[in-house]
Amino acid sequence: MQLFERLIEYSEAERLVLQSTPRLPVEEMPLGEALGLALARDLEATTDSPPFDNSAVDGFAIRSADAAVGRVFPVVDEAPAGRPARKSVGEGEAVKIFTGGVIPDGADAVVMVENTSGWGESFELGKVPSPGNNIRLAGEDTRRGEVILREGTEVGAPGIALAATQGYGALPVYRRPKVVVLSTGTELVEPGTRGLSPGEIFDSNSYAIVAAATEAGAEARRLYAASDEASALRSAIEEALETADVVVTSGGVSVGEKDLVKSTMLDLGVEQVFWGVKFKPGKPLFYGTRGETRLFGLPGNPVSAMVCFDLFVRPALMEMMGRRDRRRPRIAVYFERDIVNKFGRLHAMRVSLTRTERGWLAESVGAQGSGLVSSLTKADALALIGPAAEGISAGEPVEAIVLRDEKLF
Ligand code: AMP
Ligand code: MG
């Protein structure tokens, strides 16, 4: 049996993870798949946008110098969007035009149809336009050569719109990490396949981790639940290593006799960065590297697995993708009662948040056992309670990691 050689602090563990996380290669990602990824270089406008002077309204293009209330204009041609007029606008003439239509030669203003006698072969002008009225000028949105989106920007819907106006069919982004998730434990049964025999439980971790990794922007896939038997574990981890940028396992990483994940990883050439963090929930967390691949051995207790994923794996995935917002927001919270931490290590306490006149009130979601999956669904934040014997007094500010941003608004 192997015991923890040296437990490190949470902040040290986070630093070691981020420091050893590589940025993934740049890929040209089709526009439709780039959402949430970060730009790997500045993006320049390829053309002026809009590319040509065009009408902002439905109406008539005329020469403003000819305009007088009551004057009748013959309509000599039309310019719907996508089909420029063939004729130019001569003195006293008009071209029927629709929103987005190219301003015909000769015209320097567009009159809204509402300011005329209406559609027809001619119309009477009701209101005199100034030069340039209702004309959207070429390049008024963006100019060719101008930087339209900066390196590091997370691509959102507006960015996709802007890139598309410039004809980009793909964007240079750091690619999504490929995450392979492997749960371990002889007791595990696939949900939905059959009922439980004595001693068995359903595998919830691997599904939760795939979901959380997908939410973080990764391309995550679940392998299967491997038994605690050495050879089964070895071939499962080998298989995960074949395709993954990041391997995430759950279970089998503590000091029990059946906890073979760490030794198997080491046998497979993984270099240990750390094993054991002075942190609750998640003390047995293992982190190692093999070449460019990163491996996280999360503890099996579902709360530990999810909290460790959030605090260590998620920032690493975001770092790989060049995301600037890799850490969750942190706020100061307070408790109404004194809080004692008897664990001798930092406690990331699951709390709910309520906004009060004094700030954010944190309340424990209830029992903090590492197996209580239901507690996770109630937690808005993790309050970081240091291992001080005297604990935290009521009203004292405490740092908390916000899990649900929407709570803040
Ligand atoms: P371990 O870290 O393997 O000692 O597991 C700790 C606890 O977590 C045990 O009660 C396991 O049955 C449970 N556990 C391990 N893996 C999973 C999983 N994939 N889903 C749900 N519970 C698990
Ligand atoms: Mg186990």
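Start by selecting ligand 1 and N301: one of the ligand's oxygen atoms lies 3.2 Å from a polar backbone atom of N301, a polar contact, meaning a pair of N or O atoms within 3.5 Å. This is a predicted model, where local features need pLDDT of at least 70, side-chain atom pairs count only at pLDDT 80 or more, and totals for chains, interfaces and linings use all residues. Residues are numbered from 1 along each chain as written, chains are lettered from A and ligands numbered from 1 in written order, and side-chain values use heavy atoms, without hydrogens and water.

Then pick S204: here a nitrogen atom of the ligand sits 3.1 Å from a polar backbone atom. The protein covers 76% of the 480 Å² of accessible area that ligand 1 has on its own (Shrake-Rupley method, 1.4 Å probe).

Now show the 15 residues around the ligand (a heavy atom within 4 Å). E187, D203, S204, G252 and G300 come nearest. By class, the shell has four nonpolar, nine polar and two charged residues, with Gly counted as polar.

Last stop: the largest cavity, with about 80 Å³ of space. On a 1 Å grid over the protein atoms alone, a cavity is a set of points where a 1.4 Å probe fits but cannot get out, and lining residues have an atom within 4 Å of a point. Select Y10, E14 and R326, which are among its lining residues. The lining holds seven charged, four nonpolar and no polar residues.

Note on methods
Polar contact = N/O pair within 3.5 Å; in protein donor to acceptor, adjacent residues only side chain to side chain. 1 Å grid on protein atoms, 1.4 Å probe; cavity = no way out; pocket = protein on both sides within 12 Å on 5 of 7 lines; lining within 4 Å. Points joined across faces, edges and corners; volume = space filled by probe spheres on them.
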